[in-house]
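Subject: Structure handover and findings

Hello,

Here is the structure for your files. Please open it next to this email.

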Amino acid sequence: MAASREAFLVVASLAAGLAVGGVALAFGGANPVSGVYVLLTGFTYYPEILVVSASILTLTGLAFAIPLRMGFFNIGGEGQLYAGALAALVVALNAPYTPLPALVAGLAAGGLLGVIVGLLRVKLNVNEVLSTIMLNWALYWFTSYTVITRLSDPVYPHLTREVPEPARIPWIPSSALGPLSDFLPRGLPTIPLISAAVAVAAWFFMYRTLPGLRYRFAGSNEYAARSRGVNVDLIRILSMAAAGCLAGLAGALLVLGHSYRIDTGLSGLSGYGFEGIGAALIGRNHPLGVAAASIFFGGLYAGSERIQVEAMVPAELASIVTGVIIFVVAALSGLRYIAPRLLGAAREV
Amino acid sequence: MDGEKGRFQGHVDSREPLLLNPGYAPFKPGAIVEALRSRPLLIAVALVAVVLVAAAALYLAGGGGEAAGAAEEEGKVRVLVLFDVGGRGDLSFNDMAALGADRAARELGVEVVYQTPQSLDVMESVLDAASRSGEYDLIVLVGFLWQAPLENVAPRYPEQKYALIDAATSKPFENVASYVFREQEVASLVGIIAADIARNIAERTGEPAKVGAVAGMNIPPLWRFHIGYLYGVQYYNKATGSNVELVWVYTGKFDDPTLGKSYTEQMLQEGVRVFYGLAGLTHVGMFNAVKEAAARGVTAFSIGQDASQEWYDPYTIIISGLKRVDVAVYTAIKDVVEGRFRGGIISLGLKEGGLGLSDEEIIRYFAEIAMQQGLLPEGMTPDDVVRVVMQLREEWISDEAWRLVEELKTKIINGEIKFVNPKSQDEYERIISELEKGNLNAALEEAEEGEEITY
């Protein structure tokens, strides 16, 4: 069956990725077997890193996967995430009562960017790859500028002021976690629950509702959809808006639910947007697949911290190894676009 | 575009036309069973399962070996050194810290482990997990960026000892020893030297004399450098009646040589000829820009900071301000080994040997380390580095400048001069603008003539 073939492909690409990662470790002078082992189990040591980064990547991954259905390559998750984080922080600092307005602001800021890109594409035929890449930089510097000139903390000038307590998204206290409380003595951030709910909602919308069907229909055959009276242009703009909202939400959640600040170099934010693309590719652009791939990525992030201590691997090598693993897995997952044809051809002979 | 779109048709599998019946769209319990049969979900589940099974298998397989390893190391003092996000390879601040820890490992027989968190957001998680593990007798936190995470984590683990290098917690903790440097002291000496070189260059070219600094982030240790450096320049101006100008830039980053290079090139355009590098890895880009300018025939020099950095390009790096981060790290570890660890602030300056200007001995020392790592410029030996630098100093730094350096140094060591430590951005900016007007006392603590400070 097709399913077993694809499952095989996923397992094979994972195995290949880890093997290549092991080779990279060996080149760096570390023990490849124990190195890969530490990389995979490091999350037990840093569960918080796994949980937070996996949930943020799920959202940025969806921000790539959803417009891809409409033939849009949204490379702008990065910039949309910055916009969401910045908007959420500004609102939270100025209206520190509940996290809700800040969340909405983050969502809206990302969504607005998405709409701009969508309009540019539909009305003026501006390639969305170009516009999103350019916007990423514009937003990087705009955020950095605003953080440095307007929001910096007088005590820690390399950070912004902190989101006040009432505007933070509360954590689930470790006492409520039962057997998990040993793992998470500080409690569980609420981000993963929100993110999981969004992923399930996205799946339900796309596969189990009528508008979702129209959406997939318009994406898979534009002309047929048009002839059946589907407003393809509107759906396109909406798909980019939804993507922007998701990435903006990711930024807002990060600021309101975990870091509470942005740093002047944006090191706490940068990378999530781009790596979400990898998660989308590995997760087959399916909402639940994206979530699974993000968990794998989050585990690697945590592992790349742990491997430095456990296997005495320098930070740079740890980054190289995780990068190589993600690259190989993503590249091989991409094979599925070609592999069925190859396998199909082989069968016919 | 159409051809590409065709690829994604793969998502619409043969079952899906069923969905064209709108009656199917509302949620039914059966949908879950249906969903479990969907291919992508199956793959997602398989992916997670594979990872978990592999991890569990490896965990069981590796568990035995780990326990044996831990038993072997029992009794040894274990130290975790956490770098900030910039990490190692900056040839100055972080590498100096590693040098001190390496020395402790060698001489005191402690076991040292290094870690560099990959983003600012994970620093607290990393620190919390390391503290909770109880595996380390001491956690050394290198750099200002650790202050905020440490202030959150330290109260949670009162038994865990921490040494914070180059920053101090805003309120005292019994389990945190903060090592700070009085950076103004070394920067003021560098300021005199830089101003002198700039004036000597200006005399030959006829252009106005300008010195510059490429700084990292706008943070308290760099405020102190700025104040000291400007103080030194103005001290020189006052003593010699010259008019050297200071151009100071914050690049905002400690780990971006490209950025450092572009800022430096811009400043070279503005006529700055002497550059003080205060940005970790970023100012390696400044070294490169000055080196290239020199190759084009522009007379310009760099000044290193933290470690002796002359070896990187002895023809243009004429001197380095030393901030002995290694001394601080070594002392912190040694105190723990000898059971003398105490919480509080330990301040290091010229008097304590924590700061200084690079001399022949230390230039050779760092050139030798660079040689061992194969980093020295091709065809040079450590002795060549020392010789070239000393010739350079002979040519470009006047005896008058050295005399002023000695004079200021003596005043600092015997306590005649005490620099202010600005508490806020506003105070810092006010001091700088006063210094720019030539009011040297603005940088000093107010102690009236003859008035003894009583404790």
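Below are the conventions, then the findings.

This is a predicted model, where local features need pLDDT of at least 70, side-chain atom pairs count only at pLDDT 80 or more, and totals for chains, interfaces and linings use all residues. Residues are numbered from 1 along each chain as its sequence is written, while chains are lettered from A and ligands numbered from 1 in the order in which they are written.

Overall fold of chain A

Chain A has 14 helices and zero strands. Helices (H or I, at least four residues) and strands (E, at least two) are DSSP runs, numbered from the N terminus. The C-alpha trace of chain A spans about 70 × 50 × 40 Å along its principal axes. For 349 residues, a compact globule would have a radius of gyration near 20 Å; chain A has 21 Å, which agrees. That radius is taken over C-alpha atoms, and the globule rule is 2.2 Å times the number of residues to the power 0.38.

Of the 349 residues of chain A, 58% count as buried. Buried means 20 or more other C-beta atoms within 10 Å of the residue's own; exposed means 12 or fewer, and partly exposed lies in between, with C-beta atoms placed from the backbone. Contacts in chain A between residues at least 6 apart in sequence join residues at least 24 apart in 76% of cases. A contact needs C-beta atoms, placed from the backbone, within 7 Å.

Helix α6(A)

Helix α6 of chain A covers residues 128-149. Its 22 residues should span 32 Å at 1.5 Å a residue, and the end C-alpha atoms are 31 Å apart, which agrees. The expected span is 1.5 Å times one less than the number of residues. Buried here are A:E128, A:T132, A:L135, A:N136, A:L139, A:T143 and A:V147. They cover an arc of only 120 degrees around the axis, so they sit on the same side of α6(A). The arc is that of the directions from the helix axis to the C-beta atoms. On the other side, A:L130, A:W137, A:W141, A:Y145 and A:T149 are exposed. The cover over the buried residues includes α4 (77-94) and α5 (100-124) of chain A.

Helix α10(A)

In α10(A), 25 of the 28 residues are buried, so this helix is largely enclosed by the rest of the structure. Just after α10(A), A:Y260 takes a positive phi of about 60 degrees.

Regards

Key:
Two residues are in contact if their C-beta atoms, placed from the backbone, lie within 7 Å.
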